[in-house]
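Student: I would like to learn how to read the features of a helical model, one at a time. Could we go through this one together?
Tutor: Gladly; here it is.

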Amino acid sequence: LTYAFGELWGDIALWLLLGLILAGLISTLIPTDFFSTHLGGGVHSMIIMLAVGIPLYICATASTPIAAALILNGVSPGAALVFLLTGPATNVTSLTVLLKILGKRSTVLYLLSIAVFSILFGLFVDKIYSLFHISAQAMVGHAAEVIPGWAQICGALSLLALSIKPVYRAFKSQLAKITGRKLIPSCDCPNEQELLTKETHQESCSCKYTA
C-alpha cells in the first residue's frame with residue numbers, strides 16, 4: 001500500500017494530470033465532426049494516428065484519457081488503439097537513441113513492426129466492434145452509471161488529495177531545471193551527481209532534495 005499510494009502514484013500522477021487536461025482540451029476545442037470524418041475507421045485513420053503517435057512524446061498513463069476523449073468524439077476504437085500502441089513505444093528522442101545504438105536497419109525494422117502490427121490490431125478491434133454492433137461512444141464512461149454519485153465524488157477527492165504532493169514535487173523539480181538551480185540534499189547523503197554514479201548510494205539513501 002505504501003508503494004502503491006506513494007512511490008508508484010508519485011511517478012504517474014503528473015502524467016495523468018497532463019493527460020486529463022489534454023483530453024479536456026480535445027473534447028472542448030476540436031469539433032466532433034472532424035474526428036468522425038477523418039478518423040472514423042479504416043486504414044487511412046490508422047495511418048493518421050501512426051503519423052501522430054510515432055513522433056509524439058507521451059507515456060501510457062497520459063495517452064489513456066486522451067484515447068478515451070478521442071473515442072468519445074468519434075474516433076474509431078481501432079484508431080485509438082494505434083495511438084495507444086505507438087505513442088508510448090516511440091518518440092523522436094528514443095528513435096535518435098535507437099539509431100545510434102542499433103543502426104538504421106534495425107531502427108527501420110523496429111518502426112515497421114510497430115506500424116504494421118498496430119494497424120492490424122486496430123483493424124481487428126474495429127471488426128469486433130462492427131460484428132457485435134457495439135458503439136464505442138456509448139461505452140465510454142458507462143461505468144459511471146453503476147457507481148453511486150457519492151462514491152464518484154469521494155474517489156475524485158481522494159485522487160486529488162493523493163496527487164497534490166507528487167504534482168507539486170514534479171513542478172518544483174522542473175522549475176529548478178529551467179532556472180538552473182541545483183538540488184541540495186537535505187541530509188548527509190552524497191550529492192546528486194554521486195547518487196547518479198553510485199547505485200549503492202542511490203538505493204540506500206532516502207533523502208529529499210530541495211532547490
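Student: How many helices and strands does the chain have?
Tutor: Helices here are DSSP runs of H or I with at least four residues, strands are runs of E with at least two, and both are numbered from the N terminus. By that rule the chain has 11 helices and 2 strands. Read from the N terminus, the order is α-α-α-α-α-α-α-α-α-β-α-α-β.

Student: What should I keep in mind about the model itself?
Tutor: This is a predicted model, in which local features need pLDDT of at least 70 and side-chain atom pairs count only at pLDDT 80 or more, while totals for chains, interfaces and linings use all residues. Residues are numbered from 1 along each chain as its sequence is written, and side-chain values use heavy atoms, with hydrogens and water left out.

Student: What share of the residues counts as buried?
Tutor: Buried means under 20% relative accessible area, exposed means over 50%, and partly exposed is in between, using a 1.4 Å probe and protein chains only. Of the 211 residues of the chain, 27% count as buried.

Student: And how far along the sequence do contacts reach?
Tutor: A contact means heavy atoms within 4.5 Å. Taking contacts between residues at least 6 apart in sequence, 75% join residues at least 24 apart.

Student: Let's turn to helix packing. At what angle do α4 and α5 pack?
Tutor: Axes are lines fitted to C-alpha atoms, for helices over the stretch in contact, and angles between N-to-C directions run from 0 to 180 degrees. For α4 and α5 the angle is about 165°, and their axes are 10 Å apart. Angles under 35 degrees count as roughly parallel, over 145 as roughly antiparallel, 65 to 115 as roughly perpendicular and the rest as oblique. That makes α4 roughly antiparallel to α5.

Student: Is their crossing left-handed or right-handed?
Tutor: A crossing is left-handed if the near helix is turned anticlockwise from the far one by less than a right angle, and right-handed if clockwise. The α4 and α5 crossing is right-handed.

Student: Which residues meet there?
Tutor: From α4 come Ala60, Ser63, Thr64, Ile66, Ala67, Leu70 and Ile71, and they meet Pro77, Ala80, Phe83, Leu84 and Pro88 of α5. For classes, Ala, Val, Leu, Ile, Met, Phe, Trp, Tyr, Cys and Pro count as nonpolar, Asp, Glu, Lys and Arg as charged, and the others, Gly among them, as polar. The α4 contact with α5 divides into 10 nonpolar, 2 polar and no charged residues.

Student: Is Ser63 buried or exposed?
Tutor: Ser63 counts as buried because its relative accessibility is 1%. Leaving out residues up to four places away in sequence, Ser63 touches Ile58, Phe83, Leu84 and Pro88.

Student: How do the axes of α3 and α7 cross?
Tutor: Helix α3 (residues 43–53) and helix α7 (residues 104–131) have axes that come within 10 Å and cross at roughly 135°. The two helices are therefore oblique to each other, and α3 passes α7 in a right-handed crossing. Val43, Met46, Ile47 and Leu50 of α3 make the contact with Ala115, Ile119, Gly122, Leu123 and Asp126 of α7. By class, this contact has 7 nonpolar, 1 polar and 1 charged residues.

Student: Which residues touch the most other members of the largest nonpolar core?
Tutor: A nonpolar core is a set of buried Ala, Val, Leu, Ile, Met, Phe, Trp, Tyr and Cys residues joined through side-chain atoms within 4.5 Å. The largest has 19 residues, and Phe35, Met49, Leu50, Ile66, Leu70, Val75 and Phe83 touch the most other members. The elements giving two or more residues to this core are α3, α4, α5 (77–89), α6 (92–102) and α7. Beyond four places in sequence, Leu70 touches Ile26, Phe35, Met49, Val75 and Phe83. A second, separate core of 5 residues includes Trp9, Ala13, Leu16 and Val167.

Student: Where are the glycines Gly19 and Gly40 found?
Tutor: Gly19 is in helix α1 (residues 2–29), and its 0% relative accessibility makes it buried. Gly19 touches Ala62, Pro65 and Ile66, not counting residues up to four places away in sequence. Gly40 lies in the loop between α2 (32–38) and α3, and at 42% relative accessibility Gly40 counts as partly exposed. The C-alpha atoms of Gly40 and Ser76 are separated by 4.9 Å, although these residues are 36 apart along the chain.

Student: What is the phi of His133?
Tutor: Phi of His133 is near 55°, a positive value in a residue other than glycine. His133 is in the loop between α7 and α8 (136–139), and His133 is exposed, with a relative accessible area of 73%.
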